[in-house]
Amino acid sequence: MTTNSTVTPDAKTITVAAWPSCPPRLLRLQSGVEDATEYLSGGGYQPLPGPDEFLAEVERSGLLGRGGAAFPLGVKLRSVRDRGRRGHDTVVVANGEEGEPASFKDRWLLRNRPHLVLDGLRLAAATVAARRAYVYVSDAWAARSVENALTEISPEILGGLSITVFTVEAGYVAGEETAAVRAINGGPAKPTDKPPRPYQQGIGALPTLVSNVETLANLPYLQRHGADAFRTYGTASSPGTFLATVSGGGRPPVLYELPHGVAIAELLSVHGVSAEQVRGVLMGGYFAGLLNREALQATLDHESLRASGCGLGCGAISVLTDDCPVAVAAAVLAYFGRENAGQCGSCFNGTVAMAAVAEALRDGVATAGDVQRLQRWAGVLPGRGACGTLDGATNVAASLLTRFPDLVARHLDGACDACRGDAFHAMRPYQVEEVTA
């Protein structure tokens, strides 16, 4: 395992690590920010390819979005490009508003490899014939890094593309694609009802591609090496590598670049957490819910995790060892209750109500009727919000009830030693600390 610690201005470090026998494509193991000279010497900013040929290569690669939904990038690109061919201008947004507190991948890329992100952005823009693009962020350090990078390259490298860095206040919902569009259009960074989706009507009512920073950062590798090389790591349905923020278990967080298909047990062993310690895993940031010890038999690819009723999400993996899963679920649900956009009654009321039951369960004062209500809400509320916040909350509630029924029962009896002694409390559970420059 090759590692590097990126020293931050206040002396905190974020360790990055490549997986054995899997050369990193996205991470840079040298310390410091990669400038334009270094990026160009490594083969970056190749002449722009033909848009039709490059789009076909992206589709052949099977590149899935790394922001959480795992939607095929090729489909997004073609949808925007087709609308552009009907006489519309198009716009591209690199979405780096990393709303999941347990994730650090996008901020790391923007802070340390801004030219990789800009290269991917210009390739996407060229593919859909966009003349305007935005880098959408809430992290001030990331914004400065991208702005500095833009001063290092000529307009010719960007092919005439105009790029604006757009900064918003951080928030869980601010990174949702319609929230990004709404903010750039001059409104609040809150989701809107769909349709229309951004590819139909986005920035300035134009067809807009909104794509996660890590997703776009894969495009320069695809341009230089092609789809076949891209697929040499990963699985047939989840090709390539991805960035995983691993936290919890009493260990410092590490940002890994992993091939899809790695076993969770193997990753945790490398991370320094023994299988015997593991009580469960909070998967995909806060959105995908909890796994119990069966996580140790799972692999990190979309098809396997979907089959287990979970998901890879944004690649954030928080391992639970000493922390009680009931208390962790309560903390996550309380976070959703605070962070919802306040626009949808079902979400505003539902997240708060589910958090209240989970907190009562943690504190040993819930009743069987409370748990029945939580179970009912987890079944009827999904899909009722404008964005995924309510779905994330119901995923947490449902996974707690279905994967930890014995633990829930013990809490009803007031028999959880961990919570009686010192229950887990956190405003932002397993947050990978944001550092301000």
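Colleague: How many aromatic pairs does the structure hold?
Modeller: The structure holds eight aromatic pairs. Rings of Phe, Tyr and Trp (its six-membered ring) pair if their centres lie within 6.5 Å; planes under 30 degrees apart count as stacked, over 60 as edge-to-face and the rest as tilted. One of the pairs is Tyr172 with Phe336, which is edge-to-face at 5.2 Å centre to centre with 85° between the planes.

Colleague: Before we continue, what should I know about the model?
Modeller: The model is predicted: local features need pLDDT of at least 70, side-chain atom pairs count only at pLDDT 80 or more, and totals for chains, interfaces and linings use all residues. Residues are numbered from 1 along each chain as its sequence is written, and side-chain values use heavy atoms, with hydrogens and water left out.

Colleague: Back to Tyr172 and Phe336: which parts does the pair tie together?
Modeller: Tyr172 lies in the loop between strand E5 (162-167) and H7, while Phe336 belongs to helix H12 (residues 325-339), so the pair ties together parts that are 164 residues apart in sequence. Helices (H or I, at least four residues) and strands (E, at least two) are DSSP runs, numbered from the N terminus.

Colleague: Are Tyr172 and Phe336 buried or exposed?
Modeller: Both Tyr172 and Phe336 are buried. Buried means under 20% relative accessible area, exposed over 50%, and partly exposed in between (1.4 Å probe, protein chains only).

Colleague: And what is the geometry of Tyr286 with Phe336?
Modeller: The ring centres of Tyr286 and Phe336 are 6.3 Å apart and the planes stand at 85°, so this pair is edge-to-face. Tyr286 sits in the loop between strand E9 (280-283) and strand E10 (290-291), and Phe336 in helix H12, 50 residues apart. Tyr286 and Phe336 are both buried.

Colleague: Which residues form the aromatic cluster?
Modeller: Tyr172, Tyr286, Tyr335 and Phe336 form one aromatic cluster.

Colleague: Changing topic: where are the cis peptide bonds around Pro195?
Modeller: The bond from Lys194 to Pro195 is cis, with omega near 0°, and another cis bond, with omega about 0°, joins Pro195 and Pro196. Pro195 is in the loop between helix H7 (177-184) and strand E6 (208-212), and Pro196 is found in the loop between H7 and E6. For context, most residues other than glycine have a negative phi, and most peptide bonds are trans.

Colleague: Then which phi does Ser21 have, and where does it lie?
Modeller: Phi of Ser21 is near 60°, a positive value in a residue other than glycine. Ser21 lies in the loop between strand E2 (13-18) and helix H1 (36-41), and it is exposed, with a relative accessible area of 69%.

Colleague: And what about the phi of Tyr430?
Modeller: Tyr430 has a positive phi near 60°. Tyr430 is found in the segment after helix H17 (417-422) and counts as buried, at 11% relative accessibility.

Colleague: Now the overall fold: how many helices and strands?
Modeller: The protein has 17 helices and 11 strands. Its radius of gyration is 21 Å, close to the 22 Å that the globule rule gives for 437 residues, so the protein is as compact as a globular protein of that length. The radius is taken over C-alpha atoms, and the rule is 2.2 Å times the number of residues to the power 0.38.

Colleague: What does the C-alpha trace span, and how many residues are buried?
Modeller: The C-alpha trace spans about 70 × 45 × 40 Å along the principal axes. Buried residues make up 56% of the 437 residues.
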